[in-house]
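Visitor: Please show me the model, and then we can go through it by question and answer.

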Amino acid sequence: MTDVSPHNAPSEAPAIADAPPAYVQIARMLWRDKLALCAAIFLFIVVLCALFGPMLLEDVATKQNLRGRNAPPFDFSLHWTMWLGGDALGRPLLARIIVAAQNTMMVAAGAVVCAMIIGTGLGLIAGYSNKAGSQVIMRLADVIMSFPSLLLAVIVLYMLEPAVGNLIIVLAITRIPIYLRTCRAEVLEIRERMFVQAAKVMGASTNRIVFRHILPVVFPTLVTIATLDFAFVMLAESSLSFLGIGIQPPEITWGLMVAQGRSYLTTAWWLSFWPGLAIILTTLSLNLLSNWMRTALDPVQRWRLEIARKKK
Amino acid sequence: MNHLLQVKDLSVDFHTAQGTVHAVRGVTWHLDRGETLAILGESGSGKSVSASAIMNLIDCPPGEIVSGEILFEGRDILKMSEDERRDLNGRRIAMIFQDPLSHLNPVYTVGFQIAEMMTAHGTPKSKARERTMELLKRVGIPDYENKIDTYPHQFSGGQRQRLMIAMALAMKPDILIADEPTTALDVTVQAQILELLEELQAETGMGLLLITHDLGVVAEVADRVVVMNKGEIVESGTATQVYKAPVHPYTKKLIAAVPGEGEMAQPVGGEEPILKIEGLSKAYGAFTALDSATLTVLPRETVAIVGESGSGKSTLAKTILRLEDATGGAAFYEGRDLVTMAPAELFDLRREIQMVFQDPTQSLNPRMSVFDIISEAFVIHPEILPKSEWKSKVRELLDHVGLDASHMHRYPHQFSGGQRQRIAIARALALAPRLIICDEAVSALDVSIQAQVIQLLKRLQDELGLSYLFIAHDLPLVRDFAHRVVVMQGGRIVEQGPVREIFENPKEQYTKDLLAASPHPDPEVQAERRKARMQLEKTA
């Protein structure tokens, strides 16, 4: 993030050593927090799967093999894609999880990022502008919140085609109020702080005050909410798929795989377990990483990641 | 001889992530019945730690009482069980705090909270209420029969401190510990509270332990004083002894730093005023915060605005800077009216008028480095300086305010309070202003740091030809620094004039009260002042 980066001031005065470049600092701080490092590596793998999985394993993942119906996991005599077992049609679970990563990530990340950007933007406006503007935005948020989010999704997706793009839009809209309200509440508090007044006295423009002074303080809170929201969106997407208005087979997502495996839960637990595990690990990693990021972004807390951990 | 309370060789450590902090080391003092002992020290000196140890308020861990004993009537309370100590707290040893609002529960009536103190120690309810009435009357709450069933927010700051005192005295304790009891209060209220404490002590014969940073408070009430620095006692003796003949260099420095002793400045003469305020008013609905203020500031002049909380002095600053919009009047900066100025013109003028805020911890963005904070001025006003010269200019500014320029990549929390205020001053100077408005700019700082910052401001005035509008509640400070003084009360200017005239020959009753109430660090002078104050009260 912009905040971690040192100043890009020209270093013409040799006496004052500039801080090392931003990426070195980030890497060092990540190295100090081993849990966050694991989380970052895991997320990196998930992103790789999402980018290249469908390209490489699309055929394997959709090929039915009735002899391998509900094949149990850990049978290492089979092809490696079957090591986590096979689904009800004998398709290899591991390959399907890798391929499904793309749709899952696209929907979840798309919805969360859209909701966060729009919600934060509106929240900043609502918090910093005059009362009338704030009222309009807040009532709009109330309207969205008063609708059960799934009901809204059902109505919209029933009328529109259940494509990935539409799914993202619907899920994003239902999540906007959370960011909006948090952001506005924080802005209302921060705008009264003295450093904001000090900036005003210097003649700082509204843009500068909002983006340079207020947003960096609000941002860590919003990122923390976003990571928690990630899991919610993944599950919401799966329930929509379950109702038949989300992503439809043969397209796959993790949520859809969990839903499909449910009828076999007593006989073949692995059908739901592995995609469920993928969801849990992704969410957990995001949480750990956001926790690390909150510390890393806060100059007051940053020393925790900068000093070597003492042995007791 | 057996003392009522005796602290012997007490050492307390705090184990933090950055290592162990020795909060107090080998502290020894004692307190007798009917005596007032003051523990004097600046922030971080460990002056509150021994009191916290007495009241069992130290969290262990991270705190650890490494060594020492605290004898109360000959028994070591550190070796007592939790139950015994709880019984002692409140009943035999009571404590009052700096900020009464945060120590009163907002959802219970004050009568209930005072009575609770007694019922917790086994007094029957009806009797407790009767005694609560008595106490409220004694500490001087007007209309106490009705006020007993009201809530803390319905009282003023001074009255809340009276309530805290009533609560502490409920069980007739042998010892009252007062931790900065008047720091959050105005000087006139401070004088009343200290008077009340002295009266109560004379009545009950309790020992009073007063923890303070203010030499004036010590002079007013203390019999003996213990001076602490960095966790150690550097000096102890009677109040007069310590003030008149300090031995330790730290004590000498502390006493030398006390404002109100230096030569008063001569008025600045002659020139056209840089700032001319005419009938400036600000009302919030029906409430008038500022009532037609009229004053002028000459170039190279320091005009101090003094007054107690709610007198409208901060509102005046905010209206001049257009942080608040005035509801009437005009403020001319070199002939141009700030109140009606268009935003574009105002933007240019921002360079000329800057502000230094009260609390540097809050006025510096915690997420920006010192370089970012100071160079922000150049980002906002890019015409001042090309980007390639920012760094050298920031170095120069930091040098100017006496900070190490190599620290420019650090963040505000890595500096001490005084250093932070220097950063704030450097930021104000970055725009090369001609007028700086200081809103209680040194109130949050320790006395010795205060003196340094004032020195800095004076030096900058000489070097750069600055004018200051210096808002303060501390009269001795103003006496040393200002050329002219403006006294405000309830939103109005009641008196203004050259500093010598205000201090030596005040005309308004309010100014006289203010001067009489502000404590002098010399116990003998203070005793005389108190006499004068009593006289003033009798005549009034």
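Guide: This is a predicted model, in which local features need pLDDT of at least 70, side-chain atom pairs count only at pLDDT 80 or more, and totals for chains, interfaces and linings use all residues. Residues are numbered from 1 along each chain as its sequence is written, chains are lettered from A and ligands numbered from 1 in the order in which they are written, and side-chain values use heavy atoms, with hydrogens and water left out.

Visitor: How many residues has the largest nonpolar core?
Guide: A nonpolar core is a set of buried Ala, Val, Leu, Ile, Met, Phe, Trp, Tyr and Cys residues joined through side-chain atoms within 4.5 Å; buried means under 20% relative accessible area, exposed over 50%, partly exposed in between (1.4 Å probe, protein chains only). Residues with the most contacts inside the largest core include Ile214(A), Trp254(A) and Phe503(B). The size of this core is 134 residues.

Visitor: Which helix gives the largest share of this core?
Guide: Helices are DSSP runs of H or I, at least four residues, numbered from the N terminus. The largest share is 17 residues, and they come from chain A, residues 93–128, helix H3.

Visitor: Is Ser52(B) buried or exposed?
Guide: Ser52(B) lies in helix H1 (residues 49–54) of chain B. Leaving aside neighbours within four places in sequence, Ser52(B) is in contact (heavy atoms within 4.5 Å) with Leu57(B) and Ile58(B). Its relative accessible area is 18%, so Ser52(B) is buried.

Visitor: Which residue just after H18(B) takes a positive phi?
Guide: Helix H18 of chain B covers residues 447–464. Just after H18(B), a phi of about 65 degrees is taken by Gly465(B).

Conventions: Helix = DSSP H or I, 4+ residues; strand = E, 2+ residues; numbered from the N terminus. Expected span 1.5 Å × (residues − 1).
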